[in-house]
Amino acid sequence: MTLQTPIPEPMQRSKGEAAVTLAFSAGRVALRGLRQRGSAKAILPHAGAVPEVVFLNTSGGLTGGDRLSYRVDLGAGCRAVATTQTAERAYRADAGRARVDVALTVGAGGWIDWLPQETILFDHSALERVTTIDLAADAGCLALEAVVLGRAAMGETVRRLNFSDRREIRQGGRLRLLEPLALGDAALTAGSAVLDGARAFASLVMIAPGARDALPPLRAVLDEPGVSAAASAFDGKLMCRIMATDGWPLRRQIARALSVLRRTAPLPRVWQI
């Protein structure tokens with residue numbers, strides 16, 4: 001009798017796509033299209049005058065080979081907030097990388113706040129993320145990306161990871177921001193030129209006429225304990241970089257910065273501060 005070694009079946013991978021189209025009609029912003037597939041969902045809670053789009057990954061996290069796509073299209077004159085229902089988690093990947101694509105388009109005179117909750121990278125995670133924002137010539141945006149390396153409260157330490165993050169913003173076809181980030185094992189222990197021991201980091205960018213006017217009040221609130229932050233502005237663009245000892249002080253600092261940049265507008269309802 002010949003014994004044969006069973007061939008393991010490939011693990012099922014998670015795939016999801018969610019897309020929302022909003023248009024201005026009869027004096028208000030209305031839903032014009034909603035597409036959902038796989039593990040990606042989009043929820044539009046009644047949150048006030050400015051619509052909120054909340055994306056949700058029902059798979060509970062990402063690992064090697066998973067694919068996730070979020071999209072928002074805003075028509076002319078539309079203003080909206082888009083966020084995620086909770087923090088996205090990138091777990092250990094034994095083979096391949098997870099991929100997340102975010103695509104936002106904003107029509108003439110429109111505005112979008114892209115305010116996802118943080119991405120938590122666990123040990124041995126592998127994630128590639130690409131975010132593209134395409135603005136009409138007179139449209140604007142406020143965009144956040146935040147990353148936490150493990151959960152300090154759970155005693156987690158990240159020693160190995162493969163993280164690639166690319167953000168691209170165009171306005172009227174003109175490139176306004178190109179921000180590629182590659183974070184590997186060496187960066188976790190590098191000095192002041194990289195993370196300098198920080199376990200959490202974030203960047204905020206605002207594209208708007210007069211963005212420079214928000215710089216002094218923003219700098220005035222960049223003093224959260226356990227946080228190092230700086231901001232600059234020029235040519236209708238404001239940038240803010242934040243590093244923190246852990247995710248909680250990072251989140252508090254982000255909330256204070258957003259309060260200034262959004263002129264005291266409340267955070268998305270799904271955020272928990």
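**View 1. Helix H2 from end to end.** Helix H2 (247-261) has 15 residues and spans 21 Å from its first C-alpha to its last, close to the 21 Å expected at 1.5 Å a residue. That expected span is 1.5 Å times one less than the number of residues. Helices here are DSSP runs of H or I with at least four residues, strands are E runs of at least two, and both are numbered from the N terminus. This is a predicted model, in which local features need pLDDT of at least 70 and side-chain atom pairs count only at pLDDT 80 or more, while totals for chains, interfaces and linings use all residues. Residues are numbered from 1 along each chain as its sequence is written, and side-chain values use heavy atoms, leaving out hydrogens and water.

**View 2. The buried side of H2 and its neighbours.** Among the buried residues of H2 are Leu250, Ile254, Ala257, Leu258 and Leu261. Buried means under 20% relative accessible area, exposed means over 50%, and partly exposed is in between, using a 1.4 Å probe and protein chains only. The partners that the buried residues of H2 pack against include helix H1 (215-220), strand S9 (111-115) and strand S15 (200-207). Contact means heavy atoms within 4.5 Å.

View 3. On a 1 Å grid over the protein atoms alone, a cavity is a set of points where a 1.4 Å probe fits but cannot get out; a pocket is an open set with protein on both sides within 12 Å along at least five of seven lines, and lining residues have an atom within 4 Å of a point. Points are joined across faces, edges and corners, and a volume is the space filled by probe spheres set on them. The cavity lining includes Leu144, Ile254 and Trp271. H2 gives the largest share of this lining, four residues.

**View 4. The largest pocket.** This pocket has a volume of about 400 Å³. Of its 21 lining residues, Leu181, Phe201, Ala202, Ser203 and Arg241 lie nearest its centre. Strand S14 (174-183) gives the largest share of the lining, four residues. The lining divides into 14 nonpolar, two polar and five charged residues. Here Ala, Val, Leu, Ile, Met, Phe, Trp, Tyr, Cys and Pro count as nonpolar, Asp, Glu, Lys and Arg as charged, and the others, Gly among them, as polar.

View 5. Asp66 sits in the loop between strand S4 (52-57) and strand S5 (67-74), and it is buried at 3% relative accessible area. Its side chain reaches the backbone nitrogen of Thr63 at 2.9 Å. Leu127, in strand S11 (residues 125-135), is buried too, at 2%. Leu127 and Ala90 are 37 residues apart in sequence, yet 6.8 Å apart in space, C-alpha to C-alpha.

**View 6. Residues with a positive phi.** Most residues other than glycine have a negative phi. Asp235, in the loop between S16 and S17, has a positive phi near 50 degrees and is partly exposed at 46% relative accessible area. Just after H2, Arg263 takes a positive phi of about 55 degrees. Thr264 also has a positive phi, about 70 degrees, and counts as exposed at 65% relative accessibility.

Methods:
Polar contact = N/O pair within 3.5 Å; in protein donor to acceptor, adjacent residues only side chain to side chain.
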